[in-house]
Amino acid sequence: DFVDIMSVEIAKKKPSYVRVHDSGDYYSKAYLHKWLEIAAIHPHIKFYSYTNCVEMLKNVDLPDNYDIIYSDSGKQVDMIDQTKDRHTRIFHSHTELIACGYVDASKIDLYATKWFSQDNNNVGLIAH
């Protein structure tokens with residue numbers, strides 16, 4: 001019932017954006033496909049998430065209203081093409097983050113998404 005329950009809650013709240021997972025990750029393809037089904041039900045809402053499941057997500061066609069940001073801390077980090085894939089990198093200072101050409105998404109999480117940083121797939125986060 002996950003898809004139905006989540007869709008009802010999303011419809012009640014009427015968000016413009018939904019971050020899938022505040023913590024956690026896609027634990028199976030079936031679970032991922034449930035989120036993609038939810039996104040299809042709500043095409044006017046933009047969904048996004050950070051993930052360490054690089055291999056799984058690279059083999060899925062995502063709808064236009066779904067954005068994935070690959071985390072640089074997982075076991076599949078070598079599968080991230082930093083020239084093409086939206087990805088994170090952790091920095092110790094804002095100055096370093098900017099100097100390396102990354103968008104600062106530390107305070108405003110939506111800056112990590114393709115809708116706010118279309119021309120830059122490099123998402124910087126400040127360690128805390």
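Two strands pair if DSSP finds at least two bridges between them. Helices (H or I, at least four residues) and strands (E, at least two) are DSSP runs, numbered from the N terminus. The model is predicted: local features need pLDDT of at least 70, side-chain atom pairs count only at pLDDT 80 or more, and totals for chains, interfaces and linings use all residues. Residues are numbered from 1 along each chain as its sequence is written, and side-chain values use heavy atoms, with hydrogens and water left out.

**View 1. Strand 2 pairs with strand 3 in the parallel sense.** Strand 2 covers residues 46-51, and five bridges join it to strand 3. Which residue of strand 3 is the bridge partner of Thr-51? It is Tyr-70.

**View 2. Strand 3 is covered on both faces.** Buried means under 20% relative accessible area, exposed over 50%, and partly exposed in between (1.4 Å probe, protein chains only). On one side of strand 3, Tyr-66, Ile-68 and Tyr-70 are buried. Five of the five residues of the strand (66-70) are buried, so the rest of the structure largely encloses it.

**View 3. Ser-71 sits in the loop between strand 3 and strand 4 (87-91).** Ser-71 is buried, at a relative accessible area of 14%. Contact means heavy atoms within 4.5 Å. Not counting residues up to four places away in sequence, Ser-71 touches Tyr-50, Thr-51, Asn-52, Ile-80 and Thr-88.

**View 4. Ile-90 belongs to strand 4.** With 43% relative accessibility, Ile-90 counts as partly exposed. Ile-90 touches Asp-72, Leu-125 and Ala-127, again not counting residues up to four places away in sequence. Gly-24 is 66 residues from Ile-90 along the chain, and 18 Å separates their C-alpha atoms.

**View 5. Helix 1 passes helix 2 in a right-handed crossing.** A crossing is left-handed if the near helix is turned anticlockwise from the far one by less than a right angle, and right-handed if clockwise. The contact involves Phe-2, Val-3, Met-6, Ser-7 and Ile-10 of helix 1. From helix 2 come Tyr-31, Lys-34, Trp-35, Glu-37, Ile-38 and Ile-41. By class, the contact has eight nonpolar, one polar and two charged residues. Ala, Val, Leu, Ile, Met, Phe, Trp, Tyr, Cys and Pro count as nonpolar, Asp, Glu, Lys and Arg as charged, and the others, Gly among them, as polar.
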